[in-house]
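Good morning. Please have the sequence and the model open while I talk.

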Amino acid sequence: MSDAKFFQRGKIQELRIELNSDKKDRNYIRKKATLKKIVANMTMGNDMSSLYPDVIACMAIPVLEVKKMVYLFLINYSKAKPDMALDAINTFRRDVEDPNPLIRALAIRTMGYIHVDKVTTYLIQPLRHCMRDQDPYVRKTAAVCVAKLFMQDRHLVENAGFIDLLREMLVDSNPSVVANAIAALTEISERSDHIQLKLNMSIASKLVTALNECSEWGQTYILESLMFVVPQEPGDAEMLAERIAPRLQHANSAVVLTAVKVIVYLMNYMTKDEDIANMCKKLSPPLVTLLSSGPEVQYVGLRNILLVIQKHPDILKNDIKIFFCKYNDPIYVKMAKLEIMFRLASEHNVEQVLSELKEYATEVDVDFVRKAVRSIGRLAVKIESTAQKCVEALLELIQTKVNYVVQESIVVIKDIFRKYPNQYESIIGVLCENLDNLDEPEAKAAMIWIIGQYADRIENSDELLDDFLYTFLEETVEVQLALLTATVKLFIKRPTAGQDLVPKVLKWATEEVDNPDLRDRGYIYWRLLSTDVAAAKAVVLSEKPHISTETDNMDPVLLEELLLHIASLSAIYHKAPTTFIPHCKPRFLIPSPVLRRQNYGTGRGTMIHQDSYDHLYGNDNNNGGGSNRDGLDELATSPKQPHHQRLSYMEQSFDQVAEASIGNQEYYEQKINAENPYRTDTTTASATKGGVDLMSFDL
């Protein structure tokens, strides 16, 4: 029988009478029906809080289904009636001792959900008892309850010894208990300002062993925790990655992506290039398999793939056909595939890619067509051997006379002219035939740049520019800047043709516009032309720097951080979590003797955490020069010594390890603080009363 009949607005008095009825109720059938009505009304948004004492009276009924509904009611209204929540404490205590493990687990779970200070105080002893319960279901529920309690009162969790109890649960005989315990520890570590989780290889090995018997979400929690393992010896990372590799074949995409994240992380600690190459081969099939899922999972996979191939382009270099767009792909999937196709394009497959892009440029979706046309131009800039074919393809698209296709083609042809000067100027005549179709600022600016750059080769360049100048004051700043520079170029190359246009444009730029960039450029050109024409020619017609598609690459420091956040929102947004999650901890590659040198050609390497180095290698002066790998390490930190500092080559012992990976931490901190005003500044943290400011548990 469907429960839809219960979703009808009920009268409070009638429900109260039904709850308190003295009639015989075999198996509590009437009570169950009444409670279902109350829960249904509560779900619909009707206020049932006046029934609080009557519902609490039902807690004594020893039926699991009844208790579930009563506990749901308590969770919903405990904040509104905190005093009445205390009336249920004694019943909670009895339920925690109940012979039925389901009732024991339900009681401890409900107490964790009731965010009332006095209830939280009474939770400590029952929770400690449940963490040592004989039944694994109760233990795993208690482990999650510790994480919930930490959200309410983190000092209570730290002082009551729950962290140590969670650590003990990591060696539990039941894999589900282990998974929940490590999930709780990971959550606590991520949210605490002074607790840092570090797992040694011994614990990591036990966690990997438990993977086979865990549920899919338990596997995800365990794999996520392996991001806190820092290999110290050659072969550690390789061994761990090999044991994780079977998870790449899992049916759950979350397990697959988390396994990919851990393996990509461990590749930073592999000493041999052959091992990294072998791992890249193993990562390719699971990433390809993700694209056979639904469009939502495909998109998540594509955004993560885009990050991975920027660091390891060899992973999918032979699978570019997988990223060809299908006719029924959603637009967001098509856009993501286009970007990956461009990234994977090389001299070996460029013919296939160009053929696909030409096909896409004839589609009906405007945004997709624009991106396809732009990708053709970027392909010409990226691979010189195919530039001629790309230009021919763009000319064919211009002949279609489709407005947005023509404009997008002109924009990318400008970049091709920049990349390959004096090679494709013969097509300028075709471009000039389409001047009337230009109505977008970027396309206008590109065409004006072409006219100015080749003013000496275009016979009527002065007339073309004069046509654009009719609407100079109404144009966007981008177009105005292009017109100003193009007119000056015309005057320098063909003084007779440009002598009437230059004074007019300079007068507008310096007297009739408000934009400071345009006005300043106008003054600079005016003074250059009025004092030294030769100097003006040297400045305006100077050789342009070569352009390349490397400017499209992600900032290497940001990329390194995002690779530590694969399978999260950061990997989809392509933004560091500190920019959109308040008080989020940034992640770093922690230094190790086997950490590989990161060479990005930008002067910056992988960022690492100085405190983590001090903890691992005993460089903290207040720590007695050692690290207790078996117990809870409490590292005293001087207020004058910032937690996050720029790494220096001046420290001999640190240099031996960190030489392989030096990061500009100061730059990163400034970037985080600028982008995230909610972030708590840990650089001024002072020592607490006992000289303890930073806790790190090393497992």
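Phe228 is buried, with a relative accessible area of 9%. Buried means under 20% relative accessible area, exposed means over 50%, and partly exposed is in between, with a 1.4 Å probe and protein chains only.

Before going on: this is a predicted model, in which local features need pLDDT of at least 70 and side-chain atom pairs count only at pLDDT 80 or more, while totals for chains, interfaces and linings use all residues. Residues are numbered from 1 along each chain as its sequence is written, and side-chain values use heavy atoms, with hydrogens and water left out.

Where is Phe228 found? It sits in the loop between α14 (216-225) and α15 (236-244). Helices here are DSSP runs of H or I with at least four residues, strands are runs of E with at least two, and both are numbered from the N terminus.

Leaving aside neighbours within four places in sequence, Phe228 is in contact (heavy atoms within 4.5 Å) with several residues, including Thr186, Glu190 and Arg587. Phe228 and Arg587 are 359 residues apart in sequence, but 9.9 Å apart in space, C-alpha to C-alpha.

Now the pocket. Thr186, Glu190 and Arg587 come up again: with Glu187 and Glu224, they lie nearest the centre of the largest pocket, which is lined by 36 residues. A pocket, on a 1 Å grid over the protein atoms alone, is an open set of points where a 1.4 Å probe fits, with protein on both sides within 12 Å along at least five of seven lines; lining residues have an atom within 4 Å of a point.

Which element gives the largest share of the lining? That is α12, with seven residues. By class, the lining has 17 nonpolar, ten polar and nine charged residues. Ala, Val, Leu, Ile, Met, Phe, Trp, Tyr, Cys and Pro count as nonpolar, Asp, Glu, Lys and Arg as charged, and the others, Gly among them, as polar.

Last, the rings. Rings of Phe, Tyr and Trp (its six-membered ring) pair if their centres lie within 6.5 Å; planes under 30 degrees apart count as stacked, over 60 as edge-to-face, and the rest as tilted. By this rule there are nine aromatic pairs. One of them is Tyr420 with Tyr424, edge-to-face, at 6.2 Å centre to centre and 80° between the planes. Tyr420 is buried at 3% relative accessible area, and Tyr424 is buried at 8%.
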